Amino acid sequence: MIADNPHEPPAPPAPLRVLVLFYSFSGQSGGLVQRLIAGLREEGIEVRSERLQPAIPLRFPVGTIPRTIRMMITTLFRQRVVILQPETPSPDDYELVILAGPTWSFNPSGPVLALLDQYPNLLRGKPVLALISCRGYWRRHWCYLQGRLRQIGAQPLGPLVFDHPQAEPWRTIGVFLKIAGTAPERSPLIGRVYRRFGHNREQFDEAGRLGHTLGQSLQQGAIPNLIRLP
Ligand SMILES: Cc1cc2nc3c(=O)[nH]c(=O)nc-3n(C[C@H](O)[C@H](O)[C@H](O)COP(=O)(O)O)c2cc1C
């Protein structure tokens, strides 16, 4: 038997493991999540990430203006988008869950709502750090999400909120047209004032830095409550 050497400093606490569950319709939350995960991994954190899979895949862009309006209205009433069972074997292996996705009509997106209804066990008893990608209106989304997380026995943390940096009314018009299937950033009319859909490079870089900050705390065995508001 090998006795502990009393002169050796105690081993640092084992880093905590992170599970990332996310949904992304048009790639923005997905991009932020990838950068956040890269930052975490560069700090030596073990991360498992899984994109929520709608049982009937959703197509981006939606394709027409009437279909886009329909989606905006149904999501206003928090219509769930049934998802397939996530492949994550056991949430017990993870001490922190990051739950990321877009705002849909002032609410969490349909797949995230479905996750909360269908698979609450993945979140129950866990600290859950929320990451929200939105055009600009996230407060009701966060308020509802916090309430649902508490209801199922999870501990809401955050939020990390990223809005679209373009000026109004162009960002609203731009998002609508992008979802409908036109490319507003390439339109000769709108493209002059709306050069890019979604988040900018600084925001993606910031997501990476937040991953580092979070990773450094997790390496010390602590789960910080990081908040990032637009
Ligand atoms: C159906 C629908 C409704 C939306 N409603 C809102 C909203 O109420 N508030 C907001 O800020 N953004 C809203 N958006 C914009 C998205 O939140 C935003 O474009 C986000 O960056 C998309 O993230 P994703 O690419 O990961 O799906 C909506 C988008 C869709 C598709």
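Q: Against which element do the buried residues of α5 pack?
A: The model is predicted: local features need pLDDT of at least 70 and side-chain atom pairs count only at pLDDT 80 or more, whereas totals for chains, interfaces and linings use all residues. Residues are numbered from 1 along each chain as its sequence is written. The buried residues of α5 are Gly174, Val175, Leu177, Lys178 and Ile179, where buried denotes 20 or more other C-beta atoms within 10 Å of the residue's own, exposed 12 or fewer, and partly exposed a count in between, with C-beta atoms placed from the backbone. These residues of α5 pack against α2.

Q: What is the radius of gyration of the protein?
A: The radius of gyration is taken over C-alpha atoms, and the globule rule is 2.2 Å times the number of residues to the power 0.38. For 230 residues, a compact globule would have a value near 17 Å, with which the protein agrees. The C-alpha trace spans about 75 × 35 × 25 Å along its principal axes. The radius of gyration of the protein is 19 Å.

Q: How far apart do the C-alpha centres of domain 1 and domain 2 lie?
A: The protein is divided into domain 1 (18-164 + 200-217) and domain 2 (168-198), with bounds that come from an automatic or database domain assignment. Twelve residues of domain 1 are in contact with ten residues of domain 2, contact being defined as C-beta atoms, placed from the backbone, within 7 Å. The C-alpha centres of the two domains lie 24 Å apart.

Q: Why does the ligand lie between domain 1 and domain 2?
A: A residue is near a molecule or strand if its C-beta atom, placed from the backbone, lies within 6 Å of it. The shell around the ligand holds 24 residues, and the closest are Ser24, Gln28, Ser29, Pro102 and Cys134. The elements giving two or more residues to this shell are α1 (28-42), α2 (65-76), β3 (96-104), β5 (127-134) and α5 (170-180). The ligand lies between the domains because residues of its shell come from both domain 1 and domain 2.

Q: How many charged residues does the shell around the ligand have?
A: Ala, Val, Leu, Ile, Met, Phe, Trp, Tyr, Cys and Pro count as nonpolar, Asp, Glu, Lys and Arg as charged, and the others, Gly among them, as polar. By these classes, the shell has eleven nonpolar and twelve polar residues. The number of charged residues in the shell is one.

Q: How many of the nine residues of helix α3 are buried?
A: Helix α3 spans residues 110-118. Its buried residues are covered by elements including β1 (18-22), α2, β3, β4 (107-108) and α4 (139-151).

Q: Which residue does a cis peptide bond join to phenylalanine 60?
A: The bond has an omega of about -5°.

Q: Is arginine 78 buried or partly exposed?
A: Arginine 78 is placed in the loop between α2 and β3. Its phi is near 60°, a positive value in a residue other than glycine. Because 15 C-beta neighbours lie inside 10 Å, arginine 78 counts as partly exposed.

Q: How far apart in space are glutamine 219 and threonine 172?
A: Glutamine 219 lies in helix α6 (residues 201-219). Leaving aside residues up to four places away in sequence, glutamine 219 touches Pro15, Glu43 and Gly44. Glutamine 219 and threonine 172 are 47 residues apart in sequence, and their C-alpha to C-alpha distance is 40 Å.

Note on methods. Helix = DSSP H or I, 4+ residues; strand = E, 2+ residues; numbered from the N terminus. Contact = placed C-beta atoms within 7 Å.
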